[in-house]
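Q: Before we discuss any details, could you show me the sequence together with the model, and then take me through how its features are read?

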Amino acid sequence: IEAITKAPKQATNDTIRYDTNIPHHTMELAAFQKEQFDPAAFVNALRANEHTVPLEVAQGQLRHQLSALKQQLYELINADYPQFMALAVGLQGVEEKAGSLRIPLLELSSCCEAMQGHARRNREYLETEMRGRINTQIKQRGLERCLRFSTILHETEILLGIVDGELNMGEGDDGDGEGDGDGEGD
């Protein structure tokens, strides 16, 4: 039990190794710096693997690391105190300035949404008109084919001597093969 509560024996940027009954008890501190770090998954992994750091040791390591980070922040601020103060003074009034831009930005956002709606309606209208135009073009091509067919049929009927649905064998011929076309024999 004393070995679990001892202070760190060795510290690096990525790992802190503690004296415990199992010498390979380490906790990867770099895992905490990842964007997708999941505390629940981390604790479950500690519980599931008996060769990792016990939860009590992990808690102690994390508290120690937090204290070390706070100390580093304190030292950083104190080392560059004039710069931090200048930064703080420069940031004064930023919230009010940002607040004064809120209304114009909301109006601009509303205007953009209105323009998007108008553009969407225009696109839908144009798509409807295009579909109508395509349908009209299809009908027009069909009518043109019918007219071509009618013209070809008419020309064929003329060549065959068919006029008004009747076979015409020649001028003055009434189709009986005799006479002058008046229906009487000579």
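**Reading a helix and a salt bridge**

A: Helix H3 (residues 55–79) has 25 residues and spans 36 Å from its first C-alpha to its last, close to the 36 Å expected at 1.5 Å a residue, where the expected span is 1.5 Å times one less than the number of residues. This is a predicted model, in which local features need pLDDT of at least 70 and side-chain atom pairs count only at pLDDT 80 or more, whereas totals for chains, interfaces and linings use all residues. Residues are numbered from 1 along each chain as its sequence is written, and side-chain values use heavy atoms, with hydrogens and water left out.

Q: Which residues of H3 are buried?

A: Buried means under 20% relative accessible area, exposed over 50%, and partly exposed in between (1.4 Å probe, protein chains only). In H3, Val57, Ala58 and Gln61 are buried, while across the 186 residues of the protein 10% count as buried.

Q: How many salt bridges does the structure hold?

A: A salt bridge is a side-chain nitrogen of Lys or Arg within 4 Å of a carboxyl oxygen of Asp or Glu. The structure holds one, formed by Arg123 with Glu127, whose closest N and O atoms are 3.6 Å apart.

Q: Why are Arg123 and Glu127 separated by about one helical turn?

A: Helices (H or I, at least four residues) and strands (E, at least two) are DSSP runs, numbered from the N terminus. Arg123 and Glu127 are about one helical turn apart because they lie four residues apart in helix H5 (residues 94–160). Arg123 is partly exposed at 46% relative accessibility, and Glu127 is partly exposed with a relative accessible area of 37%.
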